[in-house]
Amino acid sequence: MTTKGPILAAEDAEDLEVISARLQDAVAKMADLVYLPKKRRFVGLFNRFKWESGQRGDLRIRSGLHFDGVLSAKSKNLKRGAPEAIVSLLAIKYAPAGGDDPAGKVELIFADGGSILLDVECLDAGLADVGGEWAARGRPSHEDGK
């Protein structure tokens with residue numbers, strides 16, 4: 001897979017907020033969210049809305065997300081048995097273990113109450129665009145109170 005732009009890296013909660021903002025309202029097939037336990041890696045391929053495109057119009061782009069040093073991955077309220085099911089990512093949060101321990105938990109939060117929880121040795125993530133842009137069908141919107 002060839003990257004089409006700079007890779008955003010995250011090694012702390014503040015860095016991850018930038019990646020989370022870039023991926024807000026990104027969509028993915030369940031089959032494109034994969035935990036590789038032998039490599040201790042979690043990867044996801046998303047069609048993300050390019051919030052940063054500004055005046056160039058509403059665009060989407062294919063982007064790859066990865067987390068390294070993943071000790072376990074658990075999903076909740078997601079259709080793991082339906083590989084073609086589409087999920088919409090709302091945010092990514094990080095909760096450090098505390099003290100001098102670099103370990104922590106990463107939570108990918110999806111619409112309709114779904115989530116993936118990753119136990120990580122330390123926060124080691126990256127996001128890169130891996131495809132060309134295309135016109136989005138519309139701009140994502142959020143209803144108040146949801």
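This report covers the nonpolar core and the salt bridges of a predicted model.

The largest nonpolar core comprises 28 residues, and Phe67, Ile92, Val106 and Leu108 have the most contacts inside it. Among the elements that give two or more residues to this core are helix H1 (13-23), strand E4 (41-49), strand E5 (59-68), strand E7 (86-98) and strand E8 (101-110). E7 gives the most, with 4 residues. Leaving aside residues up to four places away in sequence, Leu108 touches Phe42, Leu65, Phe67, Leu89, Ala91, Ile92, Gly114, Ser115, Ile116 and Leu118.

The structure holds 9 salt bridges.

| Pair | N to O distance |
|---|---|
| Glu121 and Arg40 | 2.5 Å |
| Arg41 and Asp68 | 2.5 Å |
| Lys105 and Asp119 | 2.3 Å |

Glu121 sits in the loop between E9 and E10, and Arg40 in the loop between strand E3 (33-36) and E4, so this pair ties together parts that are 81 residues apart in sequence. Both ends are partly exposed: Glu121 has a relative accessible area of 32%, and Arg40 one of 36%.

The Arg41 and Asp68 salt bridge links strand E4 to strand E5 across 27 residues. Arg41 is partly exposed, at 27% relative accessible area.

In the salt bridge of Lys105 and Asp119, Lys105 belongs to strand E8 and Asp119 to strand E9, 14 residues apart. Lys105 is partly exposed, with a relative accessible area of 40%, whereas Asp119 is buried at 19%.

Arg22, Arg48, Glu52 and Asp129 are joined in a network of salt bridges.

Conventions. Residues numbered from 1 in each chain as written. Predicted model: local features only at pLDDT ≥ 70, side-chain atom pairs only at ≥ 80, totals over all residues. Heavy atoms only, no water. Core = buried A, V, L, I, M, F, W, Y, C linked by side-chain atoms within 4.5 Å. Buried < 20%, exposed > 50% of the residue type's maximum accessible area, 1.4 Å probe, protein only. Contact = heavy atoms within 4.5 Å. Salt bridge = Lys/Arg side-chain N within 4 Å of Asp/Glu carboxyl O.
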